[in-house]
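Open the model in your viewer and keep the sequence panel beside it. This tour tells you what to select at each stop and what you will find there.

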Amino acid sequence: MTAPDIPAKASDRPTFALTTPLYYVNALPHVGSAYTTIAADALGRFHRLEGKAVLTITGTDEHGQKIERTAAERGKSPQAHCDEIVAGFERLWQQLNIRYDRLSRTTDPRHHAIVQDFFKRVWDKGDIYLAQQQGWYCVACEEFKEERDITDDRCCTTHTNKPVEWRDEENYFFRLSHYQEALETLHRDRPNFVQPPSRRNEVLSFMDQGLQDFSISRVNLDWGFPFPTDPKHTIYVWFDALLGYVTALLDPDDEPTLDNALKRWWPINLHLLGKDILRFHAIYWPAMLLSAGLPLPQGLFVHGFLTQDGQKMGKSLGNVLDPFALVDRFGADAVRYYFLKEIEFGRDGDFNETRFVNILNADLANDLGNLLNRTLRMAHKYGDGTVPNGQVPPDDALMALGLGLGDRARHSYRTLAFHDACTAALELARTGNKYLDERAPWTLFKQKELAAVDAILYAVLEAVRLAAYWLAPVVPTLSGAIYRQLGFSIDFNEVEVGPPGHDQWGALPVGQALAEPQPVFRKLELEN
Ligand code: MSP
């Protein structure tokens with residue numbers, strides 16, 4: 001199969017823009033934020049390999065009561081507090097090898113300009129009015145709660161150790177109720193707008209209860225943008241934060257106007273988010289955009305929650321998994337691989353250290369790394385240390401599996417089934433190990449069956465290369481190390497588009513000098 005023609009200029013390529021949520025900066029990033037960001041990074045890298053111009057957006061949500069209070073508790077100004085925590089996010093993204101293009105901070109003055117521009121459209125549309133707001137507010141969620149979402153001890157169901165607070169104040173409201181019909185049409189006509197389907201059903205049943213207007217201003221809160229038409233109020237943190245996705249689209253030299261932000265990358269192709277913030281993204285956000293007369297994003301994908309050893313993670317339980325510690329101990333590729341291979345994206349998943357170590361060792365150190373190592377040794381021993389000129393027979397079982405990998409892995413990434421893309425690549429490596437054992441090239445070499453030896457070694461080296469290529473979005477550094485051993489000078493942390501033809505079986509050039517075998521993935525050990 002020939003490689004697709006890839007236009008050289010980034011501006012000619014199809015675009016793909018995707019976002020993580022903009023994370024609250026009340027604390028350093030937790031493993032939940034790392035999880036979404038790893039997935040976004042892998043997906044962005046996949047689309048790059050496919051020849052798209054990609055914009056991977058992450059960022060931080062810095063306004064609101066939660067941040068204001070945390071800063072006060074730490075004896076810092078809100079801005080100084082935010083700057084400090086944001087530096088922590090940047091550090092983690094670097095350690096996890098996240099290739100993001102934009103880090104959208106809601107305290108950026110350019111964001112203020114975008115919020116004002118957007119606000120004006122909604123205001124002019126007549127969708128904002130002043131009224132009395134009474135209700136229970138969860139500061140940790142930054143959201144008013146219905147009675148049915150409050151536990152017996154007056155906490156919200158997500159933050160079971162943080163009591164909700166009673167509010168009775170004048171707020172400005174957004175006329176969400178006006179968009180009931182438009183949103184029903186959206187979710188009916190575009191059934192894939194919210195994925196997976198279980199989350200879409202949740203949205204449908206929420207809409208069935210009838211959409212209520214929601215307040216988009218706060219009083220007695222300084223840490224936020226002043227409400228443009230009434231500076232006694234500040235803009236509600238969610239109204240401000242969702243627009244951070246738009247601000248992120250500005251090029252560095254652009255004047256911060258809505259028109260500039262929307263000119264190249266809008267509508268965003270995909271928002272990734274966790275299940276707790278579904279309503280904001282599937283209902284409030286599209287309604288805000290409809291009000292401002294803007295096209296809607298192409299879709300959302302909602303992932304599940306992570307637990308540790310089967311238990312919900314929480315500060316009070318003292319079992320919060322620290323992503324910094326994890327990556328320090330095991331390295332970025334290992335952490336990325338575990339979360340994407342072991343947990344089906346969209347479902348809840350668990351972290352367990354023993355499982356972590358076992359899976360990494362079995363998959364990456366043994367099945368993939370060892371296979372490469374032993375085959376390279378043979379290529380040096382039985383040949384001249386170059387890719388052997390092996391004629392793989394047309395009915396070869398390993399090649400047959402390899403020929404199917406491209407389509408399966410591509411489909412898996414496109415549908416965010418990262419675990420399946422990894423499994424497919426690993427199946428090829430596992431089959432390669434079995435293939436070597438069964439065909440025993442060491443015996444054939446003794447029998448002077450040199451053409452057969454060459455064919456076997458070629459097939460296995462090519463299987464390892466192809467598996468590495470399709471694992472590159474998940475473990476880019478490991479894939480690069482495998483490629484270097486195979487004699488390529490391709491660095492998956494640098495590539496802008498996939499090298500032509502490498503997505504398919506047969507790209508390993510005969511005669512290419514192979515490197516001296518070195519372990520590409522160090523075995524991990526359990527602490528005790
Ligand atoms: N600031 C808002 C998002 C605004 S987007 C315009 C916010 N921030 S957050 O930092 O609290 O959460 C960010 C993400 O982390 C959410 O997608 C949430 O689902 C996710 N997670 C929080 N705890 C999690 C786990 N235990 N497991 C997996 N994801 C989790 O919400």
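Where does Pro267 lie? Select Pro267 and look to either side: it sits in the loop between helix 9 (258-262) and strand 11. This is a predicted model, so keep that in mind at every stop.

**Stop 1: two cis peptide bonds**

Stay at Pro267. Show the backbone back to Trp266. The peptide bond from Trp266 to Pro267 is cis, and omega is near -5°.

Now select Gln195 and Pro196. A cis peptide bond joins this pair too, with omega about -10°. Pro196 belongs to the loop between strand 7 (194-195) and helix 6 (197-208).

Why do these bonds deserve a stop? Most peptide bonds are trans.

**Stop 2: the ligand**

Select the ligand and display its surroundings. The shell holds 20 residues, and the closest are Leu22, Asp61, Gly274, Asp276 and Leu306. By type, the shell divides into 12 nonpolar, 6 polar and 2 charged residues.

Which elements each supply at least two residues of this shell? Colour strand 1 (15-24), helix 7 (237-242) and strand 11 (270-274). Strand 1 gives the largest share, with 4 residues.

Next, turn to the backbone around the ligand. At Leu22, a polar backbone atom is 2.8 Å from a ligand nitrogen. At Leu306, a polar backbone atom is 2.9 Å from a nitrogen atom of the ligand. At Tyr24, a backbone N or O atom lies 3.1 Å from a ligand oxygen.

**Stop 3**

Leu306 was a ligand neighbour. Now select strand 13 (residues 306-308) and strand 15, which pair in the parallel sense over 3 bridges. Pick Thr307 and look across: its bridge partner in strand 15 is Asp350.

**Stop 4**

What is the order of the strands in the open sheet of 4 strands? Trace 5-4-6-8, with antiparallel pairing. The edge strands here are strand 5 (143-145) and strand 8 (214-215), and each pairs on one side only.

Zoom in on strand 4 (residues 128-138) and strand 5. Their antiparallel pairing runs over 3 bridges. Cys138 stands opposite Glu143 of strand 5.

**Stop 3: Arg167**

Move to strand 6 (residues 165-174) and select Arg167. Is Arg167 buried or exposed? Arg167 counts as buried, because its relative accessibility is 10%, under the 20% cut-off.

Display its contacts beyond four places in sequence. Arg167 touches Gln65, Arg69, Gln133, Gln134, Gly135, Tyr137, Val139 and Phe144. With Gln65, the side chains make a polar contact of 3.1 Å. Now find Tyr179: Arg167 and Tyr179 are 12 residues apart in sequence, yet their C-alpha atoms are 26 Å apart in space.

**Stop 4: Pro226**

Select Pro226, in the loop between strand 9 (217-218) and strand 10 (234-235). Pro226 is partly exposed, with a relative accessible area of 40%.

Pro226 and His112 are 114 residues apart along the chain, with 9.6 Å between their C-alpha atoms. Beyond four places in sequence, Pro226 is in contact with His112, His233, Thr234 and Ile235.

**Stop 7**

Most residues other than glycine have a negative phi. Two exceptions come next.

Select Ala440, in the loop between helix 15 (418-439) and helix 16 (441-446). Its phi is positive, near 40°. Ala440 is buried, at 13% relative accessible area.

Then select Lys448, in the loop between helix 16 and helix 17 (450-471). Here phi is near 65°, also a positive value. Lys448 is exposed, with a relative accessible area of 69%.

**Stop 5: Gln512**

Finish in the segment after helix 18 (476-485), where Gln512 has its place. Gln512 counts as buried, at 17% relative accessibility. Show its contacts beyond four places in sequence: Gly385, Thr386, Val387, Leu486, Gly487 and Phe488.

Key. Residues are numbered from 1 along each chain as its sequence is written. This is a predicted model: local features need pLDDT of at least 70, side-chain atom pairs count only at pLDDT 80 or more; totals for chains, interfaces and linings use all residues. Side-chain values use heavy atoms; hydrogens and water are left out. A residue is near a molecule or strand if one of its heavy atoms lies within 4 Å of it. A polar contact is a pair of N or O atoms within 3.5 Å; within protein, one must be able to donate a hydrogen and the other to accept it, and residues adjacent in sequence count only if both atoms are side-chain atoms. Ala, Val, Leu, Ile, Met, Phe, Trp, Tyr, Cys and Pro count as nonpolar, Asp, Glu, Lys and Arg as charged, and the others, Gly among them, as polar. Buried means under 20% relative accessible area, exposed over 50%, partly exposed in between (1.4 Å probe, protein chains only). Contact means heavy atoms within 4.5 Å. Two strands pair if DSSP finds at least two bridges between them.
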